[in-house]
Amino acid sequence: MGNGAMGGMSRRSLLGMGVGAAAALGVAGCSASGEGAGEGQRVKNAAPARPKLIGDGSTANYGKQPHQPGAPERLEPGQTPPQFVIFSWDGAGEVGNGLFPRFRKLAKDHGAAMTFFLSGLYLLPEEKKRLYLPPNNRPGASDIGYLSDAHIRETLGNVRQAWLDGHEIGTHFNGHFCSGRGSVKHWTPAQWRSEIDQAMGFVTKWRTHTGFTDAEPLPFDYGKELVGSRTPCLLGQENLLPTARQLGWRYDASSPGGLQMWPRKKQGIWDYPLQQIPFPGHSFEVLSMDYNILANQSKNSTKAPPANYPGWRRQAADAYISGFRRAYETNRAPFFIGNHFEQWNGGIYMDAVEEALKHIADDKRTDVRLVSFRQFTDWLDAQDPRIVRKLQGMGVGQRPAGGWKTYLSEV
């Protein structure tokens, strides 16, 4: 959780490609089976009949991930940049409340790709918890609960389908330690490496650990899929980054208190912070995550009086929409929104983020891209560094001097 401090063809997921070109490459939004596409697209998008199993068969190489955009195009001098919006989910476990499939369907309905930061511990049965050796904590300790076998199965099924739908699977690590001597805040780069290796192990050896023989493998090589993370409570990034760089990761989304500006690299890794966004009814801003809005509304209580829920739901949705609007109408900085599959305060934050996504995905705005962090990183890395520097030079709510055609022509 946060630190508490504060169907159809998708234009939005194509990273700036022309719709015609994207359709020709078979990247239009359609089902994992290729339903609704031409025969050539169906074959291109379908998973191979005989995927190559990896290790104990917990994961498998299904080939190229379906429903991905083609190679991102560079902005031309003077071209208006797209408005990128990234919805991400911490933990990404399904515990029978239906939230994971709810938001997979919402994403498919609106042509969105998302990032799911999977907690490795969610694939380890509690009876095997002593296999987990968290840094500076006793074996098997965790500040989040282990899942039941039934919920491990549900999580596996949803993570599998999320990848086939075109979403990214990142990591939220394991035990979610936020306070005391064992907090991730105090972990060394070597301890982060241990935590990452264990998270990888829980994801790639779930079949051995659970004994499940009838569940299908996760359809990706996690060693290649994993290129980014978000730390528990947005803590410990400085010591994580050297290890992330050694592992070849491309981004980290753990910074708190970021601004709605174009991102920069930190220690060679793209830094995608949660951002301060307008908080309707207040003179201060709030971080763009459900828990941080909750913390300001109900003082960290997840079960406040129900009479407050309608107003808080509206305020949360308006905060996300205000943050989007500020970026879209000014500097076009990418907008990062963090969430949890939780029903805090009657589930109002889930309703708020759904309302915000539907608003942002309005088909009248053809220059908005709802993408994963990995897809956004692909686009950012493909740009002319001179244009990226010009984008980075714009402040919060700052419009390009002379308009985009002038501002991005002067590079």
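Predicted model: local features only at pLDDT ≥ 70, side-chain atom pairs only at ≥ 80, totals over all residues.
Colleague: How many helices and strands does the protein have?

Modeller: There are 14 helices and twelve strands. These are DSSP runs numbered from the N terminus: H or I and at least four residues for helices, E and at least two for strands.

Colleague: Why is Pro135 called buried?

Modeller: Buried means under 20% relative accessible area, exposed over 50%, and partly exposed in between (1.4 Å probe, protein chains only). Pro135 has 7% relative accessibility, so it counts as buried. You'll find Pro135 in the loop between strand 4 (115-118) and helix 4 (149-164). Buried residues make up 56% of the 411 residues in the protein.

Colleague: Which residues is Pro135 in contact with, leaving aside its neighbours within four places in sequence?

Modeller: Those are Gly182, Trp187, Gln191 and Glu195; contact means heavy atoms within 4.5 Å. Pro135 and His186 are 51 residues apart in sequence, and their C-alpha atoms are 9.5 Å apart in space.

Colleague: What makes a set of residues a nonpolar core?

Modeller: The set has to be buried Ala, Val, Leu, Ile, Met, Phe, Trp, Tyr and Cys residues, joined through side-chain atoms within 4.5 Å. The largest one here has 80 residues, and Phe87, Phe116, Ile169 and Leu370 have the most contacts inside it. A second, separate core has 24 residues, including Phe84, Val227, Tyr251 and Val371.

Colleague: Why are helix 5 and helix 8 called roughly perpendicular?

Modeller: The axes of helix 5 (residues 189-204) and helix 8 (residues 237-246) cross at roughly 65° and come within 8 Å. Axes are lines fitted to C-alpha atoms, for helices over the stretch in contact, and angles run from 0 to 180 degrees between N-to-C directions. Under 35 degrees is roughly parallel, over 145 roughly antiparallel, 65 to 115 roughly perpendicular, and the rest oblique. Helix 5 and helix 8 are therefore roughly perpendicular to each other. Where they meet, Pro189, Trp192, Arg193 and Ile196 are in helix 5, and Asn239, Leu240, Pro242 and Thr243 are in helix 8.

How values were computed. Residues numbered from 1 in each chain as written. Heavy atoms only, no water.
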